[in-house]
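Dear colleague,

Please find the structure below. My notes on it follow.

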Amino acid sequence: GMAGEVVSDALADGGASAEDLWRYNRVFMREIGARHAGHDFLRRFISSLTTEEFDFLTLELAGAGVLMEALAKGGARVPLKRAFHVLARAARRPGLVARFVRAGRLIDEIQELYYEYPESPSRLQSWIGRVEYAARALRKL
C-alpha cells in the first residue's frame, strides 16, 4: 500500500528519518484526511443543532430532492455543495440557513487545508494552527 511504497522508496534512497517518510503523511492527508476532516466538521455542526433545526434542514433537503439524489447514487452521502445551494435559497429560517452556509464554507476551507498539508515537518505547527483556527470558527456558529 501507500505506506509500504514510501518506506521502500526512503530505504532505497538510504534514509528512514521523519523527513524521508513525510511523503506518506502528505499522501494520506490529501487522499483520506481531507474527506474525513470534512465529514467531521459536518458532524460537529449537525451535533450543535437543536432537534427543530435539524428537522427543518432535513425537510428542506428532502423537499428539494437532495436526499433522494444521494440515496439514488447508492449511498447516504449528501452532495454538500448542492445542499448548501438549496438551503441558501430557503428564506423561512434565514439565521439557521446562514449558519449552515457558513458551515459549508468552513468544510471547504478545512478540506483545502488538508490538500495543502505541509511538504515538510518544519511547517507542521503553522498548519496545525490554521486547522485549529477553522475548528474554533466552527464552534462559534
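Helices here are DSSP runs of H or I with at least four residues, strands are runs of E with at least two, and both are numbered from the N terminus. By that rule Leu 96 lies in helix 6. The model is a predicted one, so to read it: local features need pLDDT of at least 70, side-chain atom pairs count only at pLDDT 80 or more, and totals for chains, interfaces and linings use all residues. Residues are numbered from 1 along each chain as its sequence is written, and side-chain values use heavy atoms, with hydrogens and water left out.

Overall make-up

The chain has seven helices and zero strands, in the order α-α-α-α-α-α-α. Of its 141 residues, 34% are buried (under 20% relative accessible area; exposed is over 50%, partly exposed in between; 1.4 Å probe, protein chains only). Taking contacts (heavy atoms within 4.5 Å) with a separation of 6 or more, 60% join residues 24 or more positions apart.

Leu 96

Leu 96 counts as buried because its relative accessibility is 4%. Leaving aside residues up to four places away in sequence, Leu 96 touches Leu 49, Glu 53, Phe 56 and Leu 57. Glu 53 is 43 residues from Leu 96 in sequence, yet the C-alpha to C-alpha distance is 7.3 Å.

In helix 5 (residues 80-88), the residues Ala 83, Phe 84, Val 86 and Leu 87 are buried. They fall within an arc of 160 degrees seen down the axis of helix 5, so they line one face of that helix (the arc is that of the directions from the helix axis to the C-beta atoms).

Helix 3 (residues 51-63) packs on helix 5 at about 105 degrees, with the axes 10 Å apart (axes are lines fitted to C-alpha atoms, for helices over the stretch in contact; angles run from 0 to 180 degrees between N-to-C directions). Helix 3 is therefore roughly perpendicular to helix 5 (65 to 115 degrees; under 35 is roughly parallel, over 145 roughly antiparallel, the rest oblique). Leu 57, Glu 60 and Leu 61 of helix 3 meet Ala 83, Val 86 and Leu 87 of helix 5.

Helices 6 and 7

The axes of helix 6 (residues 94-115) and helix 7 (residues 124-139) come within 10 Å and cross at roughly 170 degrees. Helix 6 is therefore roughly antiparallel to helix 7. Residues in this contact include Leu 106 and Ile 110 of helix 6 and Trp 127 and Arg 130 of helix 7.

Regards
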